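My notes follow in the order I took them.

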Amino acid sequence: MAVTADPHLSQEETLMYAHASPAWTGSGLSFTGLGHYYPRTVVRHHDGIEVAGRTYHQEEIDELGVHSLHRAEEDETVEFMAARAATAALGKAGRGPGEIDLLVLANWTDRQWIPELAPAVAASIGAAEALAFDVCGACTGFVHAVQIASAMLTADPSARRAVVVAADRFTRRARIGTRGQLVFGDAAGAVVLEKGDPETGGLRDSILACDASEADTVAARDGWLRPKPELIDLAVRSSLSVAERLLERNQLKVSDIQWLVPHPGNNAIHTGVRDGLDLPGEKFVTNFADRGNTGCASIPIALSEYTESGRLRPGDLVLSTAVGSGWYYGGLLYQL
């Protein structure tokens, strides 16, 4: 990859990023446990499905790329889903809630003024003394939360581990009668982020950036998500920008990574990213077809689901990219 291809940066800025040190290499931080929660109700898309008076046939469903998704019921709140994902991640890490120093909750679909949702999640899982707070960042929320948790753990010698949870009820942000009702799903995913041996792999690098000139490309000021037509091109360019920066400053090629586990948007974005990276299709991993676009939860639920199934394995080198309203774009580079 050429270091001059990033559309968001000048050549001087791109070279600066390329020669900067990776953010977390040598920190000893790693994901020691993964967990997810899917709501009870599964919506399956079939030929002739009707949404707000419009009938969708199989070719349209195939074009959208989502064949089923989960819809949260009223009792499956963000706090409820997040607590279950966090508990699952702690179980996989072999840790109890009392061992958690920090809990960071990423969420954008159910934001409230006060209190924030994270303290309720911490209390629910039995980690009432952990420092708990919310972050947003739209669909880049998981990247945002991991980056903040990593910085706080690194800065505080007494802090050992954090739970990072991403939970969205995206179905509630689909405007009635739009294709969003066939694409947006609900879920929660979590990781335990823990300090360990600095010589091991784990979390290597992260990036989160903002292009405020594109802030209105996706907006939900009235509660419903309203993307503009240029979203697809912007999402592809931003995802490729993130991938290039992370690979360049870690002196890696696309062929060096085992998997790309991105925040999924739609089939057109997926195709653009795969083609732009010249990435073999089998290395591109999402559960978009079965779960839909689950907002900030999309990366951790895929990691949890596919690690549990054995498709992703300990030691695999993974690149994750994400984009979201803001306009935010970011990514993580890590070994499982």
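Is E194 buried or exposed? I looked it up, and E194 is buried, with a relative accessible area of 5%. I call a residue buried under 20% relative accessible area, exposed over 50%, and partly exposed in between, with a 1.4 Å probe and protein chains only.

Two points on the ground rules. The model is predicted, so I note that local features need pLDDT of at least 70 and side-chain atom pairs count only at pLDDT 80 or more, while totals for chains, interfaces and linings use all residues. Residues are numbered from 1 along each chain as its sequence is written, and side-chain values use heavy atoms, with hydrogens and water left out.

**Entry: salt bridges**

I stayed with E194 and checked its partner. R95 forms a salt bridge with E194, and the closest N and O atoms are 2.5 Å apart. My criterion is a side-chain nitrogen of Lys or Arg within 4 Å of a carboxyl oxygen of Asp or Glu. R95 lies in the loop between α3 and β6 (102–106), and E194 in strand β9 (residues 186–195), so the pair ties together parts that are 99 residues apart in sequence. Helices here are DSSP runs of H or I with at least four residues, strands are runs of E with at least two, and both are numbered from the N terminus. R95 is partly exposed at 28% relative accessibility. Salt bridges with shared partners join R95, E99, R161 and E194 into one network.

How many salt bridges does the whole structure hold? My search found 14. I wrote down two others.

D75 and R40 meet through their side chains in a salt bridge, 2.8 Å from N to O. D75 sits in the loop between β5 (68–71) and α3 (78–93), and R40 in the loop between β1 (29–37) and β2 (41–44), so this pair ties together parts 35 residues apart in sequence. D75 is partly exposed, with a relative accessible area of 44%.

E308 and K92 form a salt bridge at 3.0 Å, N to O. E308 is in helix α9 (residues 298–309) and K92 in helix α3, so I logged a link between distant parts of the chain, 216 residues apart. E308 counts as exposed, at 54% relative accessibility.

**Entry: cysteines**

I searched the whole structure for disulfides, meaning a pair of cysteine sulfur atoms within 2.5 Å. The search finds zero. C136 is in no disulfide, and its nearest cysteine sulfur, that of C296, is 8.0 Å away. C136 is partly exposed at 26% relative accessibility. C296 is in no disulfide either, and the nearest cysteine sulfur to C296 is that of C139, 7.2 Å away. C296 is buried, with a relative accessible area of 1%.

**Entry: α6 against α7**

How do the axes of α6 and α7 cross, and at what angle? Helix α6 (residues 231–249) and helix α7 (residues 267–277) have axes that come within 9 Å and cross at roughly 35°. These axes are lines fitted to C-alpha atoms over the stretch in contact, and angles run from 0 to 180 degrees between N-to-C directions. On the α6 side I listed I232, A235, V236, S239, L240 and A243, which meet A268, I269, G272, V273, G276 and L277 in α7. Contact means heavy atoms within 4.5 Å.

**Entry: G223**

I found G223 in the loop between β11 (218–219) and β12 (226–227). G223 and A174 are 49 residues apart in sequence but 8.6 Å apart in space, C-alpha to C-alpha. Leaving aside neighbours within four places in sequence, G223 is in contact with R172 and R173.

Most residues other than glycine have a negative phi, and most peptide bonds are trans. I looked for exceptions.

The peptide bond from I114 to P115 is cis, with omega near -10°. P115 lies in the loop between β6 and α4 (118–125). The bond from G326 to W327 is also cis, with omega near 0°. W327 is in the loop between β14 (317–324) and β15 (328–335).

A138 is not a glycine, yet has a positive phi of about 55°. A138 lies in the loop between β7 (131–135) and α5 (141–155), and is buried at 12% relative accessible area. Q251, not a glycine, has a positive phi of about 55°. Q251 is in the loop between α6 and β13 (259–260), and is exposed at 73% relative accessibility.
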